[in-house]
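The sequence and structure come first.

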Amino acid sequence: MHGRRYNEGLHQAIEAKEHVAVQQESMTLATISFQNYFRLYDKLSGMTGTAFTEAEEFQQIYGLDVIQIPSNKPMIREDRPDKIFKNEEGKIKALVADVKEFQKQGRPVLIGSASIAKNERISAALKKAGIAHEVLNAKNNEHEASIVAKAGEKGAVTLATNIAGRGTDIVLAKGVKELGGLVVLGSERHEARRIDNQLRGRGGRQGDPGVTQFYVSAEDDLMRIFQGDRIAKLMDRLGVEDDMPIENRAVSKTLEAAQKRVEGYNYDSRKNVVQYDNVINRHRKVVYKIRRQILEGENITGEINKLIDERVKELTLLPSKNNRNFVSDFTTVFPVDEEKITAIAKEKKDNIRYQKARALVTALYKEREQELGEELIRGVEREVYMQVVDVLWMNHLENMQHLRDGIHWRSVGQRDPLVEYRSESQKLFDSLQATLRQEVLNTIFHVKRQDVNQSAMTDDRYESELIEAAAKSVVAQASGGKSLAEVANGLGLSVTSTNNVTKSNLAGSASSAVADAVFAAPQGSIAKPARGKLGWAVVRVDKINQVAAKSIEQARTEIEAELTKTRSEEMLTEMTSEVEDAFADGSTIADMAKQNGLKIETSPKLLANGRDISNPAYKPIPEMQVILPAAFQLETNGEAQLIEIVPGERFAMIAIADFEEAAPPPLATVRAIVQQQWALAEGAKGARAVAERIRKAVDS
């Protein structure tokens, strides 16, 4: 599957065996079970007709009760006992014969199977018998929905898997009720009663008549696991023909008991997954809480002080009399004056020793703030903490997986693997936290101003050096003779053209930086890369039109238009205030639309250029050219905003229902750029080393 790779070197081994390029090993960045993912929601609820058989799991895992609601109309559907056959061939033969008989009566038939392979086998048997039918394999939802809509017509035969057509009602055609309604035939019992009930539930809806029956053979998966061979031998001794069924309630109850055991086994497996994931879920909450604070640009000084407290307590636990490495260990993390920390290390009272050491580190921390500046030190803290916690979290996930893989061997020593897993995982997490304290504090207290990329640390949006390098590479290649379109296409980027654009218009649509770069470039050249509202822009200036100054009379029309625009802006401000007041009073966008006689239009997920990735044929409405730039500047909290479509005439109220984060370009498209930047970085590192040797030689 594209984008999926085996870990722990297995994929690299396969690549080497197949003589293809060996790529870097993939790392797991995050894991979560489905159960804990659903628990992230503040409220869980749902409605289904088949949840009662899983009531225990809903209660144990999610704390939800399952309540049965009586049907709207009395159920008159006839659920016949299962037909048990000696083998698969005899079962299908009998099934085809019964379908043929029902079709002669004019009754619609729905046949359910457990897999596409079984579907195709039954379909071949129906074709051989000359029975016209439709097949649903959940491959073409739109086409298959139309088949389901006709499945209730007289004499219709529909063959479907348990997934195809789910959630759609089969409406009975005129006269079908009088014939006995829909006939639902199951080609085998499934592992879960819930799936069988879903198949039965296709018929007999809203008080309609109907019949359901399952066809079971001793060769079915469920029967082979639970006493199917004994039944087959019994039928052999009695001389039962292959297509002669046994209808016995006791056998059907045995099958249901087997289903309950399978359901219990599957539930225990899922519960086991949840119990183990609950352990790492506690670690996940701690790590993700601090990551969320960093990503939202919050001040994490409190978290840094917490790390300092914990680290100082560890380092001052024993005096220098009992810890000969007291001073060296302390100064490795906190570069304080050795004489002062040596005196503190000799203090015999633990509390006083800690307080003095903490005061010394606090003074050092304030010196760092003064040296780097308040804004810069906050950026350094966020960047360092994020990088360290991400690397440690990836390693922690790998360590936890190794622990999980081998923890079951503890049961040989009469120990509960889950209890052992909890104990060992806590040791791993304690180690993670200790390493986190060490690395974060060591970096923060030793970083120098010249080592910090100040623009990156103080910019909350954090410009990507990789994307900036890609933009500069585009300029270099285009300046070397290639066309801009050729270079862009080679990197998987798009090219757009614009004519007669003014500096003010370009600043409004892109950014002031882009406008300044474009209007500073001579005709026929490529402007310096600049960052716009939606990313980096590389612009070629094909032609410059010099516009002479206008007289007052010539500019009268523009002045009037500008005054009209000003009035429109005032009207827009008034309308915005009214809308904001309405929202503050609890009105929704639907209420505002109804109140003002407006129509609500919902678009699919679109890119900034109006494209729908999931539907290349999608064409946005013309107003989207104005709406999209404004929409991409909105917050994703669902609040609406008024924008101007036609100046002074038409307005639109827009709100973001959902969004997806933009993904970086594939590595294959920027590999050359990455290699180039790495080479430059290595060269710069070597140059710094030479410069440092020269400086030391000069100083000596």
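## Glutamine 35

In this predicted model, glutamine 35 is in contact with Ile61, Tyr62, Arg270 and Val274, once its neighbours within four places in sequence are left aside. Glutamine 35 is part of helix H2, which spans residues 34–38. Its relative accessibility is 9%, and buried means under 20%, so glutamine 35 counts as buried.

## Nonpolar cores

The largest nonpolar core has 52 residues; those touching the most other members are Ile304, Ile308, Phe330, Phe334, Tyr385 and Val440. At least two residues of this core come from each of helix H11 (249–295), helix H12 (301–315), helix H13 (326–333), helix H14 (338–345), H15, H16 and helix H17 (417–444). H16 gives the largest share, 13 residues.

Not counting residues up to four places away in sequence, isoleucine 308 touches Phe334, Arg358, Val361, Tyr365, Leu441 and Phe445. Another core lies apart from the one described above; it has 18 residues, including Val96, Ile122, Val157 and Leu185.

## Helices H15 and H16

Helix H15 (residues 350–372) packs against helix H16 (residues 374–406) at an angle of about 110 degrees, and their axes are 6 Å apart. Angles of 65 to 115 degrees count as roughly perpendicular, and H15 and H16 are therefore roughly perpendicular to each other. Their crossing is right-handed.

On the H15 side, Tyr365, Glu369 and Leu372 take part in the contact; on the H16 side, Glu374, Leu376, Ile377, Arg378 and Glu381 do. By class, four residues of this contact are nonpolar and four are charged, with no polar ones.

Key:
Residues are numbered from 1 along each chain as its sequence is written. This is a predicted model: local features need pLDDT of at least 70, side-chain atom pairs count only at pLDDT 80 or more; totals for chains, interfaces and linings use all residues. Side-chain values use heavy atoms; hydrogens and water are left out. Axes are lines fitted to C-alpha atoms, for helices over the stretch in contact, and angles run from 0 to 180 degrees between N-to-C directions. Helices (H or I, at least four residues) and strands (E, at least two) are DSSP runs, numbered from the N terminus. Angles under 35 degrees count as roughly parallel, over 145 as roughly antiparallel, 65 to 115 as roughly perpendicular and the rest as oblique. A crossing is left-handed if the near helix is turned anticlockwise from the far one by less than a right angle, and right-handed if clockwise. Contact means heavy atoms within 4.5 Å. Ala, Val, Leu, Ile, Met, Phe, Trp, Tyr, Cys and Pro count as nonpolar, Asp, Glu, Lys and Arg as charged, and the others, Gly among them, as polar. Buried means under 20% relative accessible area, exposed over 50%, partly exposed in between (1.4 Å probe, protein chains only). A nonpolar core is a set of buried Ala, Val, Leu, Ile, Met, Phe, Trp, Tyr and Cys residues joined through side-chain atoms within 4.5 Å.
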